[in-house]
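I opened the notebook to go through one structure, item by item. These are my entries.

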Amino acid sequence: MPASQPIAVFDSGLGGLTVLRALRERLPQENYFYFADTRFLPYGDKPEVFLRERGVLIAEALARQGAKAMVIACNTATAAAAEAIRAATHLPVVALEPGVKPAAQLTKNGVVGVLATTRTLHSDRFQRLVGNHANHVRVLAQACPGLADTIEHEGADSPAVGKLLDAYIAPLAAAGADVVVLGCTHYPWVAEAIARRMPAGTVLLDTGEAVARQTERLLSAAGLLGGGHGQLTLATSGAPQQVKTTIDRLFAQTMHVEHWEP
């Protein structure tokens, strides 16, 4: 496979753009294909069997299109479908998961908060993550139904997002969590708002940089690192104009979005 082929990044929506940003900062020479499966947004309330089948369908389509690697830039999709996706494709696959392990290592008072979708927190994968790496600390798993969808459709600074953050952050602040894991790729868009609702000095953990490092390692091991020209293609299974409007707002720049259906 030519090294100039793109790295495919997919998410249910546009939260994965925070992962794409970290990838482009670390690997600016690579070509990227970002796919937002907005026709089925949000993933957080979908049955696990649907997410598994959808993830495999997307992975197989991305492989046929010529992607040289795949990044699952969605905690919910990782929790439900990562194993099935890896079994279904020959591509190197990097999967995103909440940063429970580094959080457990960083906490000073033994209280860690995890903000994520209900589907992520209820998954066997998340339970194994906590059991393997955080048995010695108190993990406060805070489900945030509706938050990712509201960030995407109403905007990170909207009153609706602020109201949800008030409800979801308050238990973590009251419990004294000194490390908070941003367990959904949409949440870095509201990191400052989360920090304002937590005590000063609270550490917020985003796993985008770790994903970028792992992607670099896998590509290097496969002899597929480099070869691109920094090209970016954005695609959605939903309405391109609607996605374009959201991307323009989040990034403060105009980008072309095409329709693509796996």
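I looked up T118 and its contacts first. Setting aside neighbours within four places in sequence, I found T118 in contact with A143 and P145. I was working on a predicted model. I placed T118 in helix 5, which covers residues 118-122.

Next I turned to the nonpolar cores. I read 50 residues for the largest one. Which residues have the most contacts inside it? They are V9, V71 and L115. Leaving out neighbours within four places in sequence, its contacts include Q142, C144, Y168, I169 and L172. Also among them are V180, V181, L182, Y187 and I194. A second core is separate and has 27 residues, including A8, F33, F35 and A67.

I noted 6 strands in an open sheet, ordered 4-3-1-2-9-10, with parallel pairing. Why is one side of strand 4 and of strand 10 left without a neighbour in the sheet? Strand 4 (93-95) and strand 10 (257-259) stand at the edges, so each has a single partner strand. Neighbouring strands here are turned by 25 degrees against each other on average, direction ignored.

I zoomed in on one pair of strands. Strand 1 (residues 7-11) and strand 2 (residues 32-36) pair in the parallel sense over 5 bridges. D11 stands opposite A36 in strand 2.

I looked for helices lying across these strands. Helix 2 (residues 48-65) lies across strand 1, strand 2 and strand 3, and runs at about 150 degrees to strand 2. Helix 3 (residues 75-88) lies across strand 1, strand 3 and strand 4, and runs at about 160 degrees to strand 4.

How many aromatic pairs does a search of the whole structure find? It finds 3. One of them is F33 with W260, an edge-to-face pair at 5.3 Å centre to centre, with 80 degrees between the planes. F33 lies in strand 2 and W260 in the segment after strand 10, so this pair ties together parts 227 residues apart in sequence. Both F33 and W260 are buried. F33, F35 and W260 form one aromatic cluster. Finally, I found R21 over the face of W189, at 5.2 Å from the ring centre.

Key:
Residues are numbered from 1 along each chain as its sequence is written. This is a predicted model: local features need pLDDT of at least 70, side-chain atom pairs count only at pLDDT 80 or more; totals for chains, interfaces and linings use all residues. Side-chain values use heavy atoms; hydrogens and water are left out. Helices (H or I, at least four residues) and strands (E, at least two) are DSSP runs, numbered from the N terminus. Contact means heavy atoms within 4.5 Å. A nonpolar core is a set of buried Ala, Val, Leu, Ile, Met, Phe, Trp, Tyr and Cys residues joined through side-chain atoms within 4.5 Å. Buried means under 20% relative accessible area, exposed over 50%, partly exposed in between (1.4 Å probe, protein chains only). Two strands pair if DSSP finds at least two bridges between them. Axes are lines fitted to C-alpha atoms, for helices over the stretch in contact, and angles run from 0 to 180 degrees between N-to-C directions. Rings of Phe, Tyr and Trp (its six-membered ring) pair if their centres lie within 6.5 Å; planes under 30 degrees apart count as stacked, over 60 as edge-to-face and the rest as tilted. A charge sits over a ring if NZ of Lys or CZ of Arg is within 6 Å of the ring centre and within 35 degrees of the ring normal.
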